[in-house]
Amino acid sequence: MPPITLAEAKAFLRVSDDAEDALVQLLIDAAIARVEAETGQALTDVSPAPLRLCILMLVAHGFEHREAAEAPLALVEPWLAPFRPVRL
């Protein structure tokens, strides 16, 4: 099961209609891929809350700033940092 469902993202965004479901799902998929790439982890519905929150925050940023470029990771850095692999 995915770490964030369409219903969870829509509730977080306070979107009640179905008109933007395709966009919200696209943002979810992109955010999951970005967080997985940063952490080296495959995320699921039982992933830690901070990683799930990272996904929701990236989705919200993308939804609110559709014309902008990619969301900066600084937006979620405090939640993401503890899960990054340590490189020696």
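This is a predicted model: local features need pLDDT of at least 70, side-chain atom pairs count only at pLDDT 80 or more; totals for chains, interfaces and linings use all residues.

Visitor: Why is V35 called buried?

Guide: Buried means under 20% relative accessible area, exposed over 50%, and partly exposed in between (1.4 Å probe, protein chains only). V35 has a relative accessible area of 1%, and therefore counts as buried. V35 is placed in helix α2, where helices (H or I, at least four residues) are DSSP runs numbered from the N terminus.

Visitor: What does V35 touch, not counting residues up to four places away in sequence?

Guide: Contact means heavy atoms within 4.5 Å. By that criterion V35 touches L43, L51, C54, I55, L58 and L80.

Visitor: What makes a set of residues a nonpolar core, and which members of the largest one touch the most other members?

Guide: A nonpolar core is a set of buried Ala, Val, Leu, Ile, Met, Phe, Trp, Tyr and Cys residues joined through side-chain atoms within 4.5 Å. The largest has 23 residues, of which A9, L13, V35, I55, V59 and L80 touch the most other members. Helices α1 (6–13), α2 (21–39) and α3 (49–64) each supply at least two residues, and α3 gives the most, with eight.

Visitor: How do you know that the span of α2 is close to the expected one?

Guide: The expected span of a helix is 1.5 Å times one less than its number of residues. Helix α2 has 19 residues and reaches 27 Å from its first C-alpha to its last, close to the 27 Å expected.

Visitor: Why are the buried residues of α2 said to lie on the same side?

Guide: Those residues are D21, V24, L27, I28, A31, I32, R34, V35 and T39. They cover an arc of only 165° around the axis, which puts them on the same side of α2; the arc is that of the directions from the helix axis to the C-beta atoms. On the other side of α2, A22, L26 and A37 are exposed. The buried residues pack against α1, α3 and α4 (77–80).

Visitor: What makes the approach of T39 to Q41 a polar contact?

Guide: A polar contact is a pair of N or O atoms within 3.5 Å; within protein, one must be able to donate a hydrogen and the other to accept it, and residues adjacent in sequence count only if both atoms are side-chain atoms. The side chain of T39 reaches the backbone nitrogen of Q41 at 3.2 Å. T39 also counts as buried, at 4% relative accessibility.

Visitor: Why is the pair R84 and E38 called a salt bridge?

Guide: A salt bridge is a side-chain nitrogen of Lys or Arg within 4 Å of a carboxyl oxygen of Asp or Glu. The closest N and O atoms of R84 and E38 are 2.8 Å apart, and the pair forms a salt bridge. R84 lies in the segment after α4 and E38 in helix α2, so the pair ties together parts that are 46 residues apart in sequence. E77 forms a salt bridge with R84 as well, the closest N and O atoms being 2.6 Å apart.

Visitor: How many salt bridges does this rule give?

Guide: The count comes to six.

Terms used. Residues are numbered from 1 along each chain as its sequence is written. Side-chain values use heavy atoms; hydrogens and water are left out.
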